[in-house]
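Here is a note for a colleague who is meeting this structure for the first time. The points below are meant to be read with the sequence and the model side by side.

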Amino acid sequence: MRGHLALSLLLACMAGLANFGLLFLSGWLLAGAAAAGLAGQAAARAFNIVLPATGVRFFAMVRIGTRYLERVVTHDGALRLTSLLRSWTYSRLAPQAPAGLVDARGGDLLGRFVAETDQITGWYTDAAIPTLRALLCGIVFVGVFACVLPMAAFVLACGLAVAALLVWALTAPVTARLAARSVNERAGLQATMAETLQNLGENMTLGAMPARYAAMAKQQQGLNAVHRRLAVMERLAAGGVTLAMFVTAFVVLVCAAQALQAGVLDAPELPMLVLGVLAAFDVISALPTARLAAARAQVAADRLTQRCGDPEQDQGTTAPAQPQAPYDLVLDAVSFSYPGADVPVFDRVSLSIRQGEHVAIVGPSGAGKSSLINLLFGFWQPQAGHVLFGGVDVQTTGAESLSRFISVAAQDSYLFAGSMRDNLRLANPDATQAEMLAALQTACLGTFVASLPDGLDTLLGNEGLRLSGGQARRLSIAQALLRPAPWLVLDEPTQGLDAATAQALMAALLQARPEATIVCMTHSQDVQACMHRVLRVEGGRVWPEGGADMKS
Ligand SMILES: Nc1ncnc2c1ncn2[C@@H]1O[C@H](COP(=O)(O)OP(=O)(O)OP(=O)(O)O)[C@@H](O)[C@H]1O
């Protein structure tokens, strides 16, 4: 990345210098040719037009070439930086899910992932390079002026410095605050829009759309107001630069006229200096935008690190501890409450499920059956006690490693827009057509898929909208079956099914995976009847159905 930044800067400086050289020499060429013409034929013949004309062509071509290359290199660098930032953001966000992202709005996260990484990249393309270019080119311009007329060089240096200070002063007081408001207002609007679109059906059936429109219109108005103020400030700063440019050009003109009278300067050099001032200010004119881009990038970086942590803390991670066979689950005096909850979901619960067992977890709604999955995957950390899987603490193993041993069909599993085959391949990319059809058959979806004209290639629509609730749930069971994991955890596998289908599903499941440990969170008697053991979760405790409390 440093190489890209250096090359972009070099090319940007070369383009700025070529532009300066072009105008500088053009002024000299035009004025020299005019002066030679006025002085008569002899002077016209003596005037060597070839040298400045060649210089003008040279600078014109260099300007075109370097501008093109600068854009290519800068955009390439920006894209690389954005992809690095997005990979880093994802690597920091993903492990936080779901416990660390409970308070995060989906649209806001998406904004941080897409827009804020873009804005941070803007620091490189729109802030750092133009600012460094202005500084480096400014020094060269003043040096060139000093070779022609030191007084003009002094005036140019003062003019450039005043213009840069003007940009700073005109934008500084409100830039940071307005940039923060602009980023925050946009994030709020994005989050509301994402939630509205995601839950369009609910919003319409609940009659919430007018309120949603009003909220979005208000947020958009707030965003427009901030953008108007930012635009006014940017134009004001740009106006300040233009004013400084004309004043500098005028003072340089006066100095050059005096030098001409004193015989220190040739006539063609006078317009050369004045045009040189205009060319020199070209690199300063990018500063107001650069200032705003820097402020926006700062706010975006703050917001990103607030959610993802400090990049400085990125250290080499140790390899997660791997569970060892037998893959037994042990809860050892586990106490767990969700943040802000008064009542614990588990209060010093100890239990063990051995590999190969078939266990039903029952209990009233809200008792904590699904929370067991959260603890099993280490999504949430118990306040006391340990959850061990295959002899290692799940907190040290991590959800990604655990997913190789435990296959889950959750209650609210997500189906992606794509075909049935795509969704099944998500669970197991190497699954063959025969394995997919067998998993669907076990999940009691075989007849349904056979009746579809496109079979496995049937498109499911966004979030699997073309499937019924029961079909979607059984497809998630087929996904779980396709994974060759020794544990199968099924949350309410038969919910919404009639008794005959529920029994057929459980029979097929046990026949298909006789060796697997099967844990079913369920209210269904049919499911309980197929299991070796039934555990009841209630009031923060767990005990064998009809047996003693398993509190330690
Ligand atoms: N992410 C969460 N943050 C805060 N509280 C939660 C969260 N998830 C669940 N709860 C609460 O924890 C308790 C246990 O929820 P859980 O989903 O485990 O119950 P359940 O037994 O699976 O219920 P059901 O049978 O209705 O699916 C409930 O009181 C619920 O409100």
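**Notes on the sheets, helices and ligand shell**

1. Please keep in mind throughout that the model is a predicted one.

2. Within this sheet, strand β3 (residues 358–362) runs parallel to strand β8 (residues 517–521), and four bridges join the two. For orientation on the model, His358 can be found opposite Ile518 in β8.

3. A second open sheet consists of four strands in the order β2-β1-β4-β5, with antiparallel pairing. Here β2 (346–353) and β5 (392–393) are the edge strands, and since each has a single partner strand, one side of each is left without a neighbour in the sheet.

4. Strand β1 (residues 329–336) pairs with β2 in the antiparallel sense over five bridges, and Phe336 stands opposite Phe346 in β2. With strand β4 (residues 384–389), β1 also pairs in the antiparallel sense over five bridges, and in this pairing Val330 stands opposite Leu388 in β4.

5. The pairing of β4 with β5 is antiparallel and has two bridges, and Phe389 has Val392 of β5 as its bridge partner. These two strands form a hairpin with two residues between them, and Gly390 in the turn has a positive phi of about 60 degrees.

6. Among the helix pairs, helix α7 (residues 209–261) and helix α8 (residues 269–282) have axes that come within 9 Å and cross at roughly 160 degrees. The two helices are therefore roughly antiparallel to each other, and α7 passes α8 in a right-handed crossing. Which classes of residue make up this contact? By class, the contact of α7 with α8 has 14 nonpolar, one polar and no charged residues.

7. Helix α3 (residues 50–93) and helix α4 (residues 106–148) pack at an angle of about 145 degrees, with their axes 9 Å apart, and α3 passes α4 in a right-handed crossing. Among the residues that make the contact are Leu81, Leu85 and Arg86 of α3 and Arg112, Phe113 and Asp118 of α4. By class, this contact of α3 with α4 has nine nonpolar, seven polar and three charged residues.

8. A last point concerns the ligand. Which of the twelve residues around the ligand come nearest? These are Tyr338, Ser365, Lys369, Ser370 and Ser371. The residues of the shell around the ligand divide into five nonpolar, six polar and one charged.

Technical notes:
Residues are numbered from 1 along each chain as its sequence is written. This is a predicted model: local features need pLDDT of at least 70, side-chain atom pairs count only at pLDDT 80 or more; totals for chains, interfaces and linings use all residues. Two strands pair if DSSP finds at least two bridges between them. Axes are lines fitted to C-alpha atoms, for helices over the stretch in contact, and angles run from 0 to 180 degrees between N-to-C directions. Angles under 35 degrees count as roughly parallel, over 145 as roughly antiparallel, 65 to 115 as roughly perpendicular and the rest as oblique. A crossing is left-handed if the near helix is turned anticlockwise from the far one by less than a right angle, and right-handed if clockwise. Ala, Val, Leu, Ile, Met, Phe, Trp, Tyr, Cys and Pro count as nonpolar, Asp, Glu, Lys and Arg as charged, and the others, Gly among them, as polar. A residue is near a molecule or strand if its C-beta atom, placed from the backbone, lies within 6 Å of it. Two residues are in contact if their C-beta atoms, placed from the backbone, lie within 7 Å.
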